[in-house]
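Let's take a friendly tour of how the two chains meet in this structure. Have the viewer open and follow along.

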Amino acid sequence: MDDLSDAYAARGVKSIFLYVREAHPGENFPHHTSFEQKQAQARVFKERWSCRRSILLDDLHGTAHEAFGRMPNMTYILGADHRVLFRADWTDPSTVQFAVDYLLAVAEREREGTAIEPFYAELRGFRWEDVRGFAEGLAFNGPRAVTEFRDAKLRWSRGEHLGALDALRGRQ
Amino acid sequence: MTADSYNYSVFPPENDVEAFAHFMEFLKVGQRAPDPELTDLDTGQPTRLSSITRQGMTVVEFGSLT
């Protein structure tokens, strides 16, 4: 997403990383119990991933996270009027780039004088899972994060917890 | 939601089922987005998304270290 941010900055597209709660807390990076801890772990995130985007922190209660839907790695594109132009419950750079290209093309046609009329549309997104990278990330967080995710996957495979939503989320 | 229940210590949080189930009906495109107070990591100063969105289209990714 930083590469996408760099590529589109010259075309006026802003990019933000909004830091929320820890999704897979572990011994090395536990759940937040203070705002100072949240700031410290956000600094580790910035360094670990060489994040070049501005990082804004949600409060300790997750006020912003809750207001946008509380998904762990969602992406929104907002317009200059602060209205939602695009939203996805997971972040996939190629899908976001597809949306940015489309929205920039719309803006360009509007500048050229084409009459533009907004309408409602939806898109089923697809993402390529980085299984190895995700496993390395869990190990970085601590052994407990690895164990808890393994146990959660078993529950999901039995149709429990998020597994009960597979049909709703288009996975069956 | 309290800070303790929001910042779960054991994955997965049970109330995530609700969030995952309702996202599709939540904050549709075309609606005005929330604009709660945030903190800039680099400056430590309070800010809001609207201070950025008013400059143009803005991609906002939510996430964390873990």
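## The nonpolar core

In this predicted model, the largest nonpolar core has 33 residues. Those with the most contacts inside it are L18(A), Y19(A), L56(A), Y76(A), I77(A), L78(A) and V60(B). In soluble globular proteins, nonpolar side chains tend to be buried together.

Which elements supply this core with at least two residues each? The most comes from β1(A), which gives four residues.

## A covered strand from chain B

Take a closer look at β3(B). Six of its six residues are buried, so this strand counts as mostly covered. In a regular strand the side chains alternate between the two faces of the sheet. On one side of β3(B) sit T58(B), V60(B) and F62(B), and on the other V59(B), E61(B) and G63(B), with both faces covered.

What does V60(B) touch, leaving aside residues up to four places away in sequence? Its contacts are I16(A), L18(A), T75(A), Y76(A) and L78(A), together with L49(B) from its own chain.

## Strand pairing between the chains

β3(B) has pairing partners in chain A. With β1(A) it runs parallel, joined by six bridges, and here F17(A) has E61(B) as its bridge partner.

With β3(A), the pairing is antiparallel and spans four bridges. In this case T58(B) is the residue that stands opposite L78(A).

Note on methods
Residues numbered from 1 in each chain as written. Chains lettered and ligands numbered in written order. Predicted model: local features only at pLDDT ≥ 70, side-chain atom pairs only at ≥ 80, totals over all residues. Core = buried A, V, L, I, M, F, W, Y, C linked by C-beta atoms within 7 Å. Buried ≥ 20, exposed ≤ 12 C-beta atoms within 10 Å, placed from the backbone. Contact = placed C-beta atoms within 7 Å. Pairing = 2+ DSSP bridges.
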